[in-house]
Amino acid sequence: MQVLNCSTKLLILEKMLKSHFPESLKVYGAVMNINRGNPFQKEVVLDSWPDFKAIITRRQKEAETDNLDHYTNAYAVFYKDVNAYRQLLEEHGVINWDQVFQIQGLQSELHDVSKAVADSKQVDVKLASFKATCLPPISAADTSFLMNSSLQLTYLSVADVDLLNQTWSRGGNEQCRRYIANLISCFPSVCVRDDKGNPVSWSMMDQFATMCHGYTMPEHRRKGYNRLVILTLARKLQSRGFPCQGNIVDDNTTSINLAKSIQGDFLPCRFHRLILTPPAFSRQVHL
């Protein structure tokens, strides 16, 4: 195991990961954020350098952590050799198996290998799998339909955290609330607000440079706000060099149709998110 903490090598790694798209997208996004201020206090662990076979991005050891916070205790994985990934998982000190955490990646063996190692440690694994998408270059979003309205196109604020925590399918708990506040503070977001300043539609970027929590309040749907928010955020991310990647639940036909309408590419690989829970926390975790 090596921890790659040299800024020059991390920039080289960022370029190297581009040649392994789309499977490397999650790790690539995490490395991009590390190279741009590292607001989530991440680091890169790999089996060897520069001829690596497996990479894991993780929270820095010295970062403050909550053992129940699987939102923040998140690992991204990319491997050229699945056996090298398994060896990293099994190596002492690479993964903190004593807390609830998640693993993200875009490779088909990710679940089976991770679960095999987790089973040997009596750690429970819950898998969620999604369609993975990427947006093409965005020139601009049409905002003309907002000109004669009281709506405003802006960005999210930490004052919006409670609403976002309540409306996110993964939310409703204190760990998620804190995680969303950190995302808003650290990364780009886009929001449409009504005449009272309340959010009606929004999206933001997460620690892996993924567009997430796209949501429109029920009474404001079918008005084009979600499309506007997605295109505006995509344009903002692209202007900063980030890929516009997203994940969509298989039965979310509205989001699937929206992605198709803006020429989004559905990737040949799927996005996998594993939430791993050691026995000590099995009755406390919010999945």
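Predicted model: local features only at pLDDT ≥ 70, side-chain atom pairs only at ≥ 80, totals over all residues.

**A glutamine and its surroundings**

Modeller: Leaving aside residues up to four places away in sequence, Gln 107 touches Glu 23, Val 77, Phe 78, Tyr 79, Arg 270 and His 272, where contact means heavy atoms within 4.5 Å. Residues are numbered from 1 along each chain as its sequence is written, and side-chain values use heavy atoms, with hydrogens and water left out.

Colleague: Which loop is Gln 107 in, and is Gln 107 buried or exposed?
Modeller: Gln 107 sits in the loop between strand S5 and helix H4 (110–120), and Gln 107 is buried because its relative accessible area is 9%; buried means under 20%, exposed over 50% and partly exposed in between, with a 1.4 Å probe and protein chains only. Helices (H or I, at least four residues) and strands (E, at least two) are DSSP runs, numbered from the N terminus.

Colleague: What does the side chain of Gln 107 reach?
Modeller: The side chain of Gln 107 reaches the backbone oxygen of Tyr 79 at 2.7 Å, and Tyr 79 is also among the residues that Gln 107 touches.

Colleague: Switching to pockets, what volume does the largest pocket have?
Modeller: The volume of the largest pocket is about 1300 Å³. A pocket here is an open set of points on a 1 Å grid over the protein atoms alone, where a 1.4 Å probe fits and protein lies on both sides within 12 Å along at least five of seven lines, and lining residues have an atom within 4 Å of a point. Grid points are joined across faces, edges and corners, and a volume is the space filled by probe spheres set on the points.

Colleague: How many residues line the largest pocket, and which lie nearest its centre?
Modeller: The largest pocket is lined by 43 residues, and those nearest its centre are Gly 214, Tyr 215, Asn 247, Asn 252 and Ser 255. S10 gives the most to this lining, with 7 residues, and the elements that each supply at least two include strand S10 (210–216), helix H7 (225–239) and helix H8 (253–261).

Colleague: Which domains does that lining draw on?
Modeller: The lining of the largest pocket takes at least three residues from each of domain 1 (2–130 + 271–281) and domain 2 (137–263), with bounds that come from an automatic or database domain assignment. The centres of the two domains, taken over C-alpha atoms, are separated by 26 Å, and 26 residues of domain 1 are in contact with 26 residues of domain 2.

Colleague: And what about the second largest pocket, which strands supply its lining?
Modeller: The second largest pocket has a volume of about 180 Å³, and strand S3 (54–59) and strand S4 (74–79) each supply at least two residues of its lining. Among the lining residues are Arg 58, Arg 59, Lys 61 and Tyr 75.

Methods:
Polar contact = N/O pair within 3.5 Å; in protein donor to acceptor, adjacent residues only side chain to side chain.
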